[in-house]
Amino acid sequence: MMRLVRMLVPAAAAAAAAALALTFHQGSPARVAAGLLLVLILPGHAALAVMQPSRRLGVVHVPLTVGLSLSIVALVGLVLNCFESGLGRTNWAVELAALTVLLTSIGVVRRPFGPVRPSPRRSARASIGRWLAAAAAVVPYPIEALSALLTSIGAVGRRFGSVRRSLGRSARSSIGPWLAVAAAVVPATVLAGVALARSADSAAHQPRPGFTVLGAWHGPSNREYLQLTSYEHEPVSYRLRADVDGHVLIDRSYRLSSGASVSTAIRLPYTRVAETARIVVYRRNDPEPYRRLTIVFPGHQ
Amino acid sequence: MGTAKSHLSEARPGLSPTGSCLSHVPPGILSGSALSIVVGIGLLVVGVADNAARHGRASAEPLFWLGLVTIFAPIAAQLLRREARRQDRIVAVVLLGMALYAVKLLLSPNGFTFGDELIRLRTMNDIARSLHLFHPNPINDISARYPGSEIMTEALAKLSGLSSFHAGIVIVGAARLVAVLAVFLIVERVADSARAGGIAVLIYAANPNFLFEGAQFSYESVGLPLALLAILAVAGPRDDAGESSRLPLAAALATAAAVVTHHVASYALAVFLVAWALTGGLIRRRRGEVRQPGSVALALVALFLAAAWLAGVAPATVQYLTSSPTHGVVQLFDWAIGRGHARTLFGSRAGGYSSPPAERAAAIAAVVLLLLALPLGLRAVWRRERHNAAAVVLTLVALLYPVSLALRLTPAGQEAANRASEYVFLALGFVIALWVLTARARASRSAAWIWRFAGVATLTLIFCGGADVGWSHTARLPGSYLPGAGPRSYDPQGVLAARWLLEKFGPGHSIAADGTQAIIMGSLGDQRPMGVGGGGTEVWPLYFSEAFGRVQYDLLRRDRIEFLVVDRRLGHGYPADGRYISTGEPDERLLPSELAKFDRIPGLSCIYDSGDIKIYRVSRSLMRSPAGGRRS
């Protein structure tokens with residue numbers, strides 16, 4: 001009975017994950033976890049239960065589960081593409097959860113017919129000891145630090161130290177392969193996380209030369225819209241000037257801080273002989289044009 | 001490969017014990033956690049190198065290599081150890097694959113900055129917008145015909161609420177995990193040695209594409225791991241009890257997904273499975289053994305699926321895939337008879353970018369070492385595994401390595417050789433691992449540490465040489481803008497220009513731009529860049545001329561180009577990747593005066609100026625006028 005319940009866990013997890021993915025808002029950790037489960041783990045796990053209902057695959061389970069999940073998701077995507085509603089969130093959640101439930105059910109049906117390898121019976125006390133040992137192995141460093149601290153302050157520390165040593169012995173003798181793998185991967189993961197966080201921050205604040213953007217586009221009522229945006233590192237004064245054959249359409253000064261933008265509209269004189277308008281931006285008191293646009297009149301477009 | 005315990009799983013004298021999880025744990029300096037900490041420190045060093053490069057410090061380059069060696073060398077030492085348990089080897093293999101994946105993430109931690117990634121992003125954006133597949137991708141239409149990786153990413157993004165970028169790196173990370181474990185388990189199964197599996201992963205990680213190209217959000221980064229998974233399922237992975245049996249349904253699922261995801265991976269898989277089935281049949285017939293049911297069927301399924309997808313969904317793939325190797329072979333022949341020129345190795349063009357001498361030496365040394373090890377490995381295969389069909393086929397694939405090196409000598413063949421490396425190195429890893437097993441078996445115990453040190457040094461050199469060959473010196477680290485230098489060319493100015501054009505003029509306009517801006521405009525700007533893969537003729541004549549005459553006007557009219565994008569920084573130097581705009585362009589430098597000419601062309605409105613990037617709008621009158629080139 002317990003085995004049956006355990007086997008149905010993926011189906012329940014799939015249903016719960018689908019519900020979470022459909023209920024929670026973007027950015028919610030629960031939704032992220034649900035999405036990861038539904039896309040990377042549950043379909044492949046359920047498929048493996050169908051293919052190898054009675055086999056303990058050990059570490060082979062990892063690439064097979066993840067790889068099969070990705071394969072199933074790709075193929076389900078092709079199927080969803082055939083429907084008008086397409087690859088929407090609800091469709092994904094329902095399809096993947098339903099498929100996982102279906103595969104789990106087939107696995108449960110197939111299980112009794114396959115050869116079952118008996119697992120050794122363990123007492124409750126041994127199980128608790130195993131979990132404690134596993135915990136000690138996964139988080140050895142905080143325990144180490146805590147132990148050192150307590151050891152230095154006297155008898156309490158000595159007592160805790162003995163507990164730690166006994167846990168360490170227990171861990172070395174009984175830790176399972178999965179937890180050993182986790183214990184070995186955790187430090188690199190933490191350090192990689194630190195490196196990535198620092199790198200992301202550094203990339204976001206990478207020193208780059210400042211620049212300013214001047215753009216123009218046609219708008220309604222035969223107007224030409226101009227936009228000046230500063231991406232310089234400090235507030236800068238600009239002078240925006242537009243003219244047609246010396247006839248000034250606009251001549252204004254602005255002071256823009258980094259990221260600030262100003263928009264304005266000019267009406268081009270269609271009746272004039274000239275074909276183009278020149279829009280020039282000067283930076284600070286520099287007499288040389290800093291940005292320059294040349295607009296062919298709409299009549300000539 | 002048989003079911004249950006095959007003949008391969010029997011222990012052999014001279015080979016290291018495969019070791020189960022229950023085997024004795026010898027005391028060693030590099031336990032799992034210690035190794036993990038050292039690898040983490042290596043990543044921190046690479047992160048420091050990246051940060052230094054962003055600030056333009058000269059220390060970045062040596063720090064980067066120091067970080068890579070800190071990651072690779074301890075893992076190599078662990079995997080070469082004869083006494084290491086299988087579980088320790090698996091941990092080391094996972095650490096290697098994921099740590100080197102993190103090196104790529106450290107280069108671009110905040111978004112997609114590789115050209116291929118932006119191409120894929122366009123397909124993903126199209127899927128997210130329309131909820132359907134197979135929208136034409138104007139930057140590279142073939143990629144839209146193989147949407148497997150985009151489907152997975154889209155599913156994860158939709159369900160988890162993660163951004164496309166974060167969902168993409170999770171999917172590629174998961175695929176990387178599958179790939180390294182699959183390589184380990186395949187070679188472990190074929191060579192009957194966990195140590196061989198570990199060594200094969202080390203060689204596989206030394207392939208030029210492993211560090212950056214194979215870690216980017218691209219269809220091959222996902223398709224190849226799926227193909228490897230299919231091979232693993234056919235081989236019959238070994239479980240904790242040391243038993244193995246095939247998983248035909250898993251193989252079929254992974255094959256189908258690989259077919260949907262990547263062309264070359266699916267074809268390579270189909271060919272490999274067919275060759276495996278045929279070789280297995282021949283060997284069994286000669287030895288009078290019973291035929292293995294199902295192997296031929298799986299091979300035929302793979303062949304049928306790949307052919308059906310090619311014919312039904314992506315027929316243009318044939319031309320897309322054959323042009324580069326065909327031209328490569330022609331150029332190689334021309335060069336051999338003295339009619340053509342070889343490609344400039346370790347550099348772009350005469351007077352342009354070139355690798356530092358130390359990196360050239362490492363790259364050449366890596367190639368020489370692999371070429372020396374290959375015949376030794378072949379001898380080991382002949383002696384020990386010539387009756388093993390999978391081993392024979394892997395050996396045949398490994399023999400393609402010298403061929404791929406020859407193709408690298410030609411401009412057109414280089415891309416084909418680069419693509420082939422990930423496939424060839426899997427087989428090369430197996431062959432060399434088998435030689436290492438036999439060579440080390442003869443070494444005395446006293447000399448073991450010398451052998452191990454030499455082995456670690458050699459493998460590290462091969463790895464560093466491979467990393468140097470695979471990714472341009474200028475694109476390996478972040479920094480200020482450089483033309484044609486991968487992630488360094490995708491800077492905020494280009495991104496802002498693409499977003500501005502989309503915001504003010506809407507999507508779907510045909511534009512002419514250089515290679516980098518075309519991808520940014522097509523991906524983030526949702527426009528139709530011409531002449532880069534999606535359609536239209538090549539646009540380089542617009543740029544490679546100081547005059548703007550009939551040829552240029554005709555080109556504008558023929559492709560109905562509405563906007564011209566000009567990045568004036570292209571005039572500052574040669575592109576690191578060897579081309580400014582597209583492959584057909586002249587082999588000469590683009591001059592600033594050629595880029596400045598557009599300001600003088602009547603009928604072109606300059607509507608955007610950010611200092612370096614200018615956007616010109618082509619007037620409708622210019623498009624109508626048959627004598628457009630009136631002033632030139």
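## Strands and hairpins of chain A

Two strands pair if DSSP finds at least two bridges between them. Strands here are DSSP runs of E, at least two residues long, and helices are runs of H or I, at least four residues long, both numbered from the N terminus. This is a predicted model: local features need pLDDT of at least 70, side-chain atom pairs count only at pLDDT 80 or more, and totals for chains, interfaces and linings use all residues. Residues are numbered from 1 along each chain as its sequence is written, while chains are lettered from A and ligands numbered from 1 in the order in which they are written.

β1(A) and strand β2 (residues 223-230) of chain A run antiparallel and are joined by seven bridges. Within this pair, Ala216(A) has Leu226(A) of β2(A) as its bridge partner. The two strands form a hairpin with four residues between them. In its turn, Ser221(A) has a positive phi of about 60 degrees.

Ile279(A) is bridged to Leu293(A) in β7(A). In a regular strand the side chains alternate between the two faces of the sheet.

## Where the chains meet

Contact means that the C-beta atoms of two residues, placed from the backbone, lie within 7 Å. Between the chains, 79 residues from chain A and 87 residues from chain B take part. On the chain A side, the elements that give two or more residues are α2 (29-51), α3 (61-81), α4 (89-110), α8 (177-204), β1 (212-218) and β7 (289-296). The largest share, 20 residues, comes from α8(A).

By class, this side has 51 nonpolar, 20 polar and eight charged residues. Ala, Val, Leu, Ile, Met, Phe, Trp, Tyr, Cys and Pro count as nonpolar, Asp, Glu, Lys and Arg as charged, and the others, Gly among them, as polar.

Strand pairing also crosses between the chains. β1(A) pairs with strand β4 (residues 604-609) of chain B in the antiparallel sense, over two bridges. Gly215(A) stands opposite Tyr608(B) in β4(B).

Helix axes are lines fitted to C-alpha atoms over the stretch in contact, and angles run from 0 to 180 degrees between N-to-C directions. Angles under 35 degrees count as roughly parallel, over 145 as roughly antiparallel, 65 to 115 as roughly perpendicular and the rest as oblique. A crossing is left-handed if the near helix is turned anticlockwise from the far one by less than a right angle, and right-handed if clockwise.

Helix α2 (residues 60-80) of chain B packs on helix α3 (residues 86-107) of chain B at about 160 degrees, with the axes 9 Å apart. That makes α2(B) roughly antiparallel to α3(B). Their crossing is left-handed. Ile71(B), Ile75(B), Gln78(B) and Leu79(B) of α2(B) meet residues of α3(B) including Ala92(B), Leu95(B) and Leu96(B).

The axes of helix α6 (residues 148-160) and helix α9 (residues 219-235) of chain B come within 8 Å and cross at roughly 100 degrees. α6(B) and α9(B) are therefore roughly perpendicular. Gly148(B), Ser149(B) and Met152(B) of α6(B) make the contact with Tyr219(B), Val222(B) and Gly223(B) of α9(B). It has three nonpolar, three polar and no charged residues.

Helix α10 (residues 248-261) and helix α12 (residues 295-312) of chain B have axes that come within 9 Å and cross at roughly 20 degrees. The two helices are therefore roughly parallel. α10(B) passes α12(B) in a right-handed crossing. Among the contact residues are Ala251(B) and Thr255(B) of α10(B), and Leu298(B) and Trp309(B) of α12(B). Twelve residues of this contact are nonpolar, one is polar and none is charged.

## Domains of chain B

Domain bounds come from an automatic or database domain assignment. For chain B it gives domain 1 (111-353 + 362-470) and domain 2 (486-624). Their C-alpha centres lie 36 Å apart.
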